[in-house]
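Please keep the sequence and the structure in view while reading.

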Amino acid sequence: IFGDRMIGFYLYGSLVWGDFDITTSDIDTLCVIASEVTLDEIEKLRTMHEEIVCENPQWRNRIEVHYAPIDGLKNFRTMPFKMGNISPGEPLHIIDSGKDWIDEWYCVQEYAITLYGIDKNKVIPHIEKQEFIQMICKYAQSFRERIRTCKESCYSQAYAILTLCRALYTVRTGEQISKPAAARWAMDFLPEYRELIHSALIWRKERDMLLRNSNETYIHAEKFVKDILDRYIEEKTWR
């Protein structure tokens, strides 16, 4: 589809971290191109992605690709840009990107494997760990409001709980790991929430189900999110 306009393709996320669950994990990738993706290319990419999941139905809603222009990535702090994006729960479409993507690009910088093209460090300007941690804290804080939208779905509650586990791990250690690995760490760090976190790992495997008693579990999920934000994230008491 891109021909010579394709500059590089990079794999990151749990498949690189070594904690990939073949039944539930997403595949995270970045495709760097010479300039912003066009509407014509989006249509061709949409057809390509549909063909992939038709041939491999187990990967429907589990493949994430950012189709980003290299100039946009190199200047993402000061120059917002548009990129193609497909991710779990979202069809392929064009979105706006900018400095609020620091956490994503930091994971590419630190952990990605170059599958094709130029080295990853030549497409994204260096991001300091402190910038990354601050963005993780900001994203985690958004769940104080977002958790209210999760009353009808234990899967959504699990996403919030596991996201906060990973944010807490990052705040305490300065590193990023997968959600399941962070959950296992958090069960030891937060023994009072061990049962809830364990349940979240189970709910995570039932993505398409509106589970029983979601309103009841919501009470515990909301309490967990607010408690972690109040005690650890908003005060930024990392070591």
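Helices (H or I, at least four residues) and strands (E, at least two) are DSSP runs, numbered from the N terminus. The model described here is predicted.

**Strand E1 and its two partners**

- Strand E1 covers residues 6–12 and pairs with E6 in the antiparallel sense, over four bridges.
- Within this pairing, Leu11 stands opposite Ile113 in E6, and Gly8 has Gly117 of E6 as its bridge partner.
- E1 is also joined to E2 by six bridges, and these two strands run antiparallel.
- Tyr10 is placed opposite Leu30 in E2.
- Is E1 mostly covered or mostly open? The strand is mostly covered, since five of its seven residues are buried.

**Strands E4 and E5**

- Strands E4 and E5 run antiparallel and are joined by six bridges.
- Phe81 has Ser97 in E5 as its bridge partner.
- The hairpin of E4 and E5 has two residues between the strands, and Gly89 in this hairpin takes a positive phi near 85 degrees.

**Helices on the sheet**

- The buried residues of H4 include Ile102, Trp105, Tyr106, Cys107 and Val108, together with Asp103 and Glu104.

**Helices H7 and H9**

- Two packed helices are described by the angle between their axes and the distance between the axes.
- The axes of helix H7 (residues 154–173) and helix H9 (residues 194–203) come within 8 Å and cross at roughly 125 degrees.
- Why are H7 and H9 oblique to each other? Their crossing angle is roughly 125 degrees, whereas 65 to 115 degrees counts as roughly perpendicular and over 145 as roughly antiparallel, so the two helices are oblique.
- H7 passes H9 in a left-handed crossing.
- H7 contributes Cys154, Tyr155, Gln157, Ala158, Ile161, Leu162 and Cys165 to the contact, and H9 contributes Leu196, Ile197, Ala200, Leu201 and Trp203.
- By class, eleven of these residues are nonpolar, one is polar and none is charged.

**Helices H8 and H9**

- Helix H8 (residues 179–189) packs with H9 at an angle of about 165 degrees, and their axes are 9 Å apart.
- Angles over 145 degrees count as roughly antiparallel, and H8 and H9 are therefore roughly antiparallel to each other.
- The crossing of these two helices, H8 and H9, is left-handed.
- On the H8 side the contact is made by Pro180, Ala183, Ala186, Met187 and Asp188, and on the H9 side by Arg194, Ile197, His198 and Leu201.
- The residues of this contact divide into six nonpolar, one polar and two charged.

**Two buried residues**

- Ile124 lies in the loop between E6 and helix H5 (129–141).
- Buried means under 20% relative accessible area, so Ile124, at 7% relative accessibility, counts as buried.
- Which residues does Ile124 touch, not counting those up to four places away in sequence? Ile124 touches Leu30, Leu73, Phe76, Trp105 and Val108.
- Thr163 lies in helix H7 and is buried, with a relative accessible area of 7%.
- Thr163 touches Tyr139, Phe143 and Lys179, not counting residues up to four places away in sequence.
- Thr163 and Ala140 are 23 residues apart in sequence, and 7.3 Å apart in space from C-alpha to C-alpha.

Note on methods: Residues numbered from 1 in each chain as written. Predicted model: local features only at pLDDT ≥ 70, side-chain atom pairs only at ≥ 80, totals over all residues. Heavy atoms only, no water. Pairing = 2+ DSSP bridges. Buried < 20%, exposed > 50% of the residue type's maximum accessible area, 1.4 Å probe, protein only. Axes fitted to C-alpha atoms, helices over the stretch in contact; angles between N-to-C directions. Parallel < 35°, antiparallel > 145°, perpendicular 65-115°, else oblique. Left-handed = near helix turned anticlockwise from the far one by under 90°. Contact = heavy atoms within 4.5 Å. Nonpolar A, V, L, I, M, F, W, Y, C, P; charged D, E, K, R; others polar.
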